[in-house]
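Come along and look things up with me.

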Amino acid sequence: MATKADTAALPAEPAAGSTFPMLVLIAGWLIPGAGHLILGKWVRALLLAAAILAMFIIGVALGGKLYSPNTGEPLDILGFVGDLGAGLPFIIGRLSGLGQAPVLTAVADYGTKFISIVGLLNIVAAIDAHSIAIGRKPA
Amino acid sequence: MTLSHFSAVLICAACIGIVFGITQRAEPKMMIRFGAYTFVVLVAVTIAASWGMWLIKH
């Protein structure tokens, strides 16, 4: 049986049909760490943003590729889905023309992998923020 | 910008460790422990796999 202290530690249940958890999820996807920031977890938000953005910037600086969706190659499409997880950094990078040079060196290939990993890590972070918002994970 | 394979592994493992630590555990102390554990495991497995590939080649 939950004690009074346990009950107090749990976040308030969102109202049925509340858009708040979805807002947290989308914000966390678009801007790394934003989901946790909305929830008031600013230290976690700062660490997540620093880790994810640093890895993205290093990936681009290494000459990594930002995938596009319309090459027809299944692996490129998978790469694009992974990259898209990075949210706005990926979109801004694509619009700025970054990551378009052919990957010719091993170092640039590391960069490509860094960017894909960033997308996946950002999705994990956004889902974590969503889990906290709906009360599935203790705050 | 250039990186050695090893420094790339260290950066990658550090970033993954931070994200996994925060997202996979609820208590701050456990977050630090799990983040450090993830970092060590990723680096150790990469080094072991590298030596494994070297042994296969030779």
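This is a predicted model: local features need pLDDT of at least 70, side-chain atom pairs count only at pLDDT 80 or more; totals for chains, interfaces and linings use all residues.

**Entry 1: confidence.** I looked up the pLDDT of chain A and found an average of 88, with 88% of the residues scoring at least 70. Then I checked residues 4-9 of chain A, where the pLDDT is below 50. Beyond near neighbours in sequence, that stretch has two contacts in the model.

**Entry 2: chain A.** Read from the N terminus, the order is α-α-α-α-α-α-α. Chain A has 139 residues, and 41% of them are buried. I also looked at contacts in chain A with a separation of 6 or more: 74% of these join residues 24 or more positions apart.

**Entry 3: where chain A touches chain B.** I found 20 residues from chain A and 13 residues from chain B in this contact. Which elements of chain A give two or more residues to its side? They are helix 4 (42-61) and helix 7 (106-134). Helix 4 of chain A has the largest share, with nine residues. I sorted the chain A side by type and got 17 nonpolar, no polar and three charged residues.

**Entry 4: the core.** The largest nonpolar core holds 40 residues. Those with the most contacts inside it are A:I52, A:M55, A:F114, A:V118 and B:V19. I traced which elements each supply at least two residues: helix 2 (20-30), helix 3 (34-38), helix 4 and helix 7 of chain A, together with helix 1 (5-24) of chain B. Helix 7 of chain A gives the most, 11 residues.

Leaving out residues up to four places away in sequence, A:F114 touches A:M55, A:I58, A:G59, A:L62, A:G64 and B:C12.

**Entry 5: a helix pair in chain B.** A reminder to myself: two packed helices are described by the angle and the distance between their axes. For helix 1 and helix 2 (residues 28-57) of chain B, the axes come within 7 Å and cross at roughly 145°. The crossing of helix 1 past helix 2 of chain B is right-handed. Among the residues making this contact I listed B:L10, B:I16 and B:F20 on helix 1 of chain B, and B:I32, B:F39 and B:L42 on helix 2 of chain B. By type, the contact of these two helices divides into 15 nonpolar, six polar and no charged residues.

Key. Residues are numbered from 1 along each chain as its sequence is written. Chains are lettered from A and ligands numbered from 1 in the order in which they are written. Helices (H or I, at least four residues) and strands (E, at least two) are DSSP runs, numbered from the N terminus. A residue is buried if 20 or more other C-beta atoms lie within 10 Å of its own, exposed if 12 or fewer, and partly exposed in between; C-beta atoms are placed from the backbone. Two residues are in contact if their C-beta atoms, placed from the backbone, lie within 7 Å. Ala, Val, Leu, Ile, Met, Phe, Trp, Tyr, Cys and Pro count as nonpolar, Asp, Glu, Lys and Arg as charged, and the others, Gly among them, as polar. pLDDT is the predictor's confidence in each residue, from 0 to 100. A nonpolar core is a set of buried Ala, Val, Leu, Ile, Met, Phe, Trp, Tyr and Cys residues joined through C-beta atoms within 7 Å. Axes are lines fitted to C-alpha atoms, for helices over the stretch in contact, and angles run from 0 to 180 degrees between N-to-C directions. A crossing is left-handed if the near helix is turned anticlockwise from the far one by less than a right angle, and right-handed if clockwise.
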